[in-house]
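Please look at the sequence and the model below. The text after them goes from the whole chain to single residues.

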Amino acid sequence: MNAPLKALNEMQRLTSPFPESVAVKEWKATTGRFVIGWYNPYVPEEIIHAAGMLPFEVTGDNEPVQMQGAEAHIYSNSCSKVRTCWQLGLDGKYDFLDGYVSTHMCDQDMRLHEVWSYYRKLPFMELIYAPRKRTEEAVQLYLKDLEGFRDRLSQYLICRIPDQHISKSIRLYNRGRVLMQRLYELRKRDRPPVTGAEAVEVSKAAARMPRERFNELMEQLLAEIQRTGREIKKARRLMLIGNDLHNTTQIEALESADAVVVVDEMDVGLRRAAGQVDTKLPPMEALARYYVMGRPVDKHTWNSDQRLELIGMLAEQYKVDGVVSQAVRFCTYLGWDKFDLKRQLQKRGIPILELDLEYGHPGGAQMKIRAEAFMEMLESRAG
């Protein structure tokens, strides 16, 4: 069975049109509270939520964006995700934001924060330091910056954000992660209940609507899957790794060639669902430990060997036939790992398709041709 999922349809209704969606307008109209945009997964949504604000991830979406305006401020050989987000900002698409928070994780992230501060300054602007090592020293350094972030956000509110509110938000977001992890477990089935594109649409919704409502819809989605016995009947199982793909037409192009993406290694996917913040620790320390050490290693971490081992392990757990490695053009972090990634997958006998993409571009004929050729290669190996 492959009927539309009503809970997913409701998530998409609430988060459309992008970015100033039904959910955002309802939030503003019913609560009168602020919406804070965040860019980079090292910005803890829990602190923003605990302040009574709506955290909203700043990204592109399924529609391509013409970036002539952005390229007047950011070089054309810079990350196209950064340029896309800045173009949407220039076009006024993010005028509903009351603030913008990012980190020092990447030079391109900092450049986006700089131009936003200079040309479209919002009432609240913040840049958090995010360490690149998974050590105790890194946790303490990050914790100090998170405390500063809470102080400045409290000053903006003219009201201190108490630990009790942060603890409550941690429990709420932990629940959301548990629900998303259940969906990932279901995708291990021989016939998974959702496509890769649908799974990413779920993850996008998590960062674009009030988490309370998202958790309710996730409960409904999992119950709906169980009730209907929904199955995706495709011949080949793929794993998607690399930069975030918020444009799910690119994933649909991969899945058009008798294949289904059963697992990913993206911030917008796996890492958003992974792990739990320790509720036994003081809340700010718990957040610092989770965001530095509690999630799967990502491309920004100083020693990326653990990330490559994770990719190999996931490929085996989800019984994938091949890995699709997609990198946003000019992303140097992923460029460093190419050789070692190939060697890791060759040791496990897993084929890899490498794609060099522009963020946000639709999945066109070129991607379909590459996907079809990859499927033919996988079929010849199986035969």
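What follows is a walk through the structure, starting with its overall make-up.

The model is predicted. Its secondary structure consists of 16 helices and eight strands. Along the principal axes, the C-alpha atoms occupy a box of roughly 65 × 50 × 40 Å. How does the radius of gyration fit a compact globule? A compact globule of 383 residues would have a radius of gyration near 21 Å, and the protein has 20 Å, so the value agrees with that expectation.

The next points concern surface and contacts. Of the 383 residues, 58% count as buried. The accessible surface comes to about 16,300 Å², and carbon and sulfur atoms account for 50% of that area. Contacts can also be sorted by how far apart the partners are in sequence. Among contacts between residues at least 6 apart in sequence, 76% join residues at least 24 apart. As for charge, there are 54 positive and 53 negative side chains. The centres of these two sets lie 2 Å apart.

Pro 17 lies in the loop between helix H1 (6–14) and helix H2 (22–31). Pro 19 has its place in the loop between H1 and H2 as well. As background, most peptide bonds are trans, and most residues other than glycine have a negative phi.

Asn 40 is in the loop between strand E1 (35–38) and helix H3 (45–50). Its phi is near 105 degrees, a positive value in a residue other than glycine. Asn 40 has a relative accessible area of 6%, and therefore counts as buried, the cut-off for buried being under 20%. The other residue, Asp 258, is found in the loop between helix H10 (248–255) and strand E6 (259–265). Phi of Asp 258 is near 55 degrees, again a positive value in a residue other than glycine. Is Asp 258 buried or partly exposed? Asp 258 counts as partly exposed, because its relative accessibility is 37%.

Ala 257 is also placed in the loop between H10 and E6. Ala 257 is buried, with a relative accessible area of 12%. Which residues touch Ala 257, leaving aside its neighbours within four places in sequence? They are Ala 371, Glu 372 and Met 375. Ala 257 and Trp 27 are 230 residues apart along the chain, and their C-alpha atoms are separated by 40 Å.

Arg 120 sits in another loop, the one between helix H5 (107–119) and strand E4 (124–128). Its relative accessibility is 28%, so Arg 120 counts as partly exposed. Apart from neighbours within four places in sequence, Arg 120 is in contact with Trp 86, Gly 89, Leu 90, Gly 92, Asp 95 and Val 115. With one of these, Asp 95, there is a polar contact: the two side chains meet at 2.9 Å. Another aspartate, Asp 61, is 59 residues from Arg 120 in sequence, and the C-alpha atoms of the two are 21 Å apart in space.

Two helix residues complete the tour. Lys 144 lies in helix H6 (residues 136–157). Lys 144 has a relative accessible area of 67% and is therefore exposed, the cut-off for exposed being over 50%.

Asn 215 belongs to helix H9 (residues 211–228). Is Asn 215 buried or exposed? Asn 215 is buried, because its relative accessible area is 7%. Leaving aside neighbours within four places in sequence, its contacts are with Leu 172, Arg 175, Gly 176 and Leu 179.

Note on methods
Residues are numbered from 1 along each chain as its sequence is written. This is a predicted model: local features need pLDDT of at least 70, side-chain atom pairs count only at pLDDT 80 or more; totals for chains, interfaces and linings use all residues. Side-chain values use heavy atoms; hydrogens and water are left out. Helices (H or I, at least four residues) and strands (E, at least two) are DSSP runs, numbered from the N terminus. The radius of gyration is taken over C-alpha atoms; the globule rule is 2.2 Å times the number of residues to the power 0.38. Buried means under 20% relative accessible area, exposed over 50%, partly exposed in between (1.4 Å probe, protein chains only). Contact means heavy atoms within 4.5 Å. Accessible areas come from the Shrake-Rupley method with a 1.4 Å probe; for residues, only the protein chains shown count as cover. Lys and Arg count as positive and Asp and Glu as negative; His and the chain ends are not counted. The place of a charge is taken as NZ of Lys, CZ of Arg, CG of Asp or CD of Glu. A polar contact is a pair of N or O atoms within 3.5 Å; within protein, one must be able to donate a hydrogen and the other to accept it, and residues adjacent in sequence count only if both atoms are side-chain atoms.
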